[in-house]
Amino acid sequence: MAWDWQIFCKETTSGDIIEGCFGKGGDQTYLNWILSAWGWTLTVAFSALVVALVMGLLMGTLRTLPNSPWLVRLGNAWTELFRNIPLLVQIFLWYFVVPAVFPALKEVPSVVLVVLALGFFTSARVSEQVRSGIQALPRGQRYAAMAVGFTTPQTYRYVLLPMALRIVIPPLTSESMNIVKNSSVAFAVSIAELTFFARQSGEETSKPVEMYLAVTVLYAISAFAVNRVMGYIEKKSAVPGFVAAGGMGAGH
Amino acid sequence: MGNLDLSFFNWSVIGPFVWKGFIFSIWLTVVATIGGIILGTILALMRLSGKPWLALPATAYVNTMRSIPLVMVLLWFFLLIPFAIGRPLGAEMSAIITFIAFEAAYFSEIVRAGIQSIPRGQVHAGQAVGMTYGQNMRLVILPQAFRNMLPVFLTQTIILFQDTSLVYAIGAYDMLKGFETAGKNLGRPVEAYLLAAVVYFFMCLALSYAVRKLQEKIQIIR
């Protein structure tokens, strides 16, 4: 099988090889297209990560509250709901079912719906990590905070969360890498991200191997970059003398 | 609220459309779990063998699989398997091979952590009574490691079951596809997706509840 990397310099509609590989004016080469697809992958992944961290942190914390059984139940229900439905099915729910039930949402661009789907799906996993991070702290920490007269919000803000969040950085690292990989499921509702590009361009050019290889490398680079960023955050935020223990866990 | 009508879904729909896909989803989950654990254990033993010519390829394989989205792996295998064997292979068969190969990477990480969680003293005790490496693994380490790993294995299996829906990418006929086809044929796609979500939800919820019960039981024994 002979490689044909020049395929990336081709204009997508006319099929002409373009000098310098970047299309000018209204022209778009496959190189232009794959870079914009990479941009979509990163945009979807990053926005979903923000949603997942906000909701996951909130729900995970609610699940550990003392004396608030209904808030605990809310957090548990949220986590079970979004953890037990496959991501692809959740994307279909947001894309087909939610706008049918709430017609007002028909105007919302589909990429927003995918971000919400991916974000809420991941928030269930983040909530699990945050909850077990808080529960991993010695009980004395909470009692100490009560003993000095902290209210519950103060206890969480000044005593529990600062340590618990450091403990959960390693599992959150793998969740952040997962979100980059899971963003590939957005192809199913035609978001122009990398996997969508791979399928589409592979068919158009009859050179799927080159296209898949390029896309695979970009995914690997993205996941590695996320890993390094999180590693940096972990190092910078480490409390001297404390080592967060890793364990075995399931995941993708 | 829109106008949802779930009365369309009764056995006459589930029978022809959904049942076939349901069987495939379960079949894929079971085969990929068993195949993935076997291949994953081999990969883990290769990585822990201390011999670079065994450890390096296994490490490279696991890290490669773990850095690519499952959807891309499905597409790759669907593209390459026909090249390798010289004839086209159905989407279902291709999905089974892909899932075994992909899940093996994740199971191998679980097995590796499980083996490493066994205290060194156990290994030394086995060696002290004169066991070979193989005997030590088979009779001392792996039985204990597998028991520790059981809840994580099952959690991974739930994730695997959810991920079987991704065979959508290569057009294999699984449970989600079954619901989708039923919905299209009846002109009721919205209800079909909603019902699919409900079915997946209760299946996964029941499984994760069972895993939690098992975990409590194992923790007491320990």
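**Chain A, overall**

I looked up the range of the contacts in chain A: among those between residues at least 6 apart in sequence, 66% join residues at least 24 apart. I note at the outset that this is a predicted model. I then listed the elements of chain A and found nine helices and zero strands. Read from the N terminus on, they run α-α-α-α-α-α-α-α-α. The C-alpha trace of chain A spans about 75 × 50 × 30 Å along its principal axes. Of its 252 residues, 39% are buried.

**Chain B, overall**

I repeated these look-ups for chain B. There I found eight helices and zero strands. The C-alpha trace of chain B spans about 70 × 50 × 25 Å along its principal axes. Chain B has 222 residues, of which 41% count as buried. For contacts between residues at least 6 apart in sequence, the share joining residues at least 24 apart is 74% in chain B.

**Where the chains meet**

I next turned to the interface, where 33 residues of chain A are in contact with 36 residues of chain B. On the side of chain A that touches chain B, the elements giving two or more residues are α3 (87-101), α8 (194-205) and α9 (208-237). The largest share of that side, eight residues, comes from α3(A).

**The largest nonpolar core**

Which residues touch the most other members of the largest nonpolar core? I found A:Leu88, A:Ile91, B:Met72, B:Leu74 and B:Tyr193, in a core of 113 residues. The element that gives the most to this core is α4(B), with twelve residues. I recalled that nonpolar side chains tend to be buried together in soluble globular proteins.

Leaving out residues up to four places away in sequence, A:Leu88 touches A:Val185 and A:Ala188 in chain A, and B:Ser165, B:Leu166, B:Tyr168 and B:Leu176 in chain B.

**Helix α4 of chain B**

I then examined α4(B), which covers residues 91-116. Its 26 residues reach 37 Å from the first C-alpha to the last, close to the 38 Å expected at 1.5 Å a residue. I also noted a kink of about 30° in α4(B), centred on B:Ala104. Is α4(B) largely enclosed by the rest of the structure or largely open? I take it as largely enclosed, because 19 of its 26 residues are buried.

**Helix α7 of chain A**

I made the same check on α7(A), residues 169-182. Its 14 residues should span 20 Å at 1.5 Å a residue, and the end C-alpha atoms lie 19 Å apart, which agrees. Eleven of the 14 residues of α7(A) are buried, so this helix is largely enclosed by the rest of the structure. Among the buried residues I listed A:Pro171, A:Leu172, A:Glu175, A:Met177, A:Ile179, A:Val180 and A:Lys181. The buried residues of α7(A) pack against α1 (30-62), α3, α4 (110-135) and α9 of chain A.

**Two serines with positive phi**

A:Ser190 has a phi near 60°, a positive value in a residue other than glycine. A:Ser190 lies in the loop between α7 and α8 of chain A. I count A:Ser190 as exposed, because 12 other C-beta atoms lie within 10 Å, and the cut-off for exposed is 12 or fewer.

For A:Ser206, phi is likewise positive, near 60°. This serine is found in the loop between α8 and α9 of chain A. A:Ser206 counts as exposed, as it has 9 C-beta neighbours inside 10 Å.

I located A:Ile167 in helix α6 (residues 152-167) of chain A. How many Å separate the C-alpha atoms of A:Ile167 and A:Thr205? I found 47 Å, for residues 38 apart along the chain.

I placed A:Ala144 in helix α5 (residues 139-147) of chain A. A:Ala144 is partly exposed, with 13 other C-beta atoms within 10 Å. From A:Ala144 to A:Val159, 15 residues apart in sequence, the C-alpha to C-alpha distance is 8.9 Å.

Terms used:
Residues numbered from 1 in each chain as written. Chains lettered and ligands numbered in written order. Predicted model: local features only at pLDDT ≥ 70, side-chain atom pairs only at ≥ 80, totals over all residues. Helix = DSSP H or I, 4+ residues; strand = E, 2+ residues; numbered from the N terminus. Expected span 1.5 Å × (residues − 1). Bend = angle between axes of the 7 residues up to and from the residue. Buried ≥ 20, exposed ≤ 12 C-beta atoms within 10 Å, placed from the backbone. Core = buried A, V, L, I, M, F, W, Y, C linked by C-beta atoms within 7 Å. Contact = placed C-beta atoms within 7 Å.
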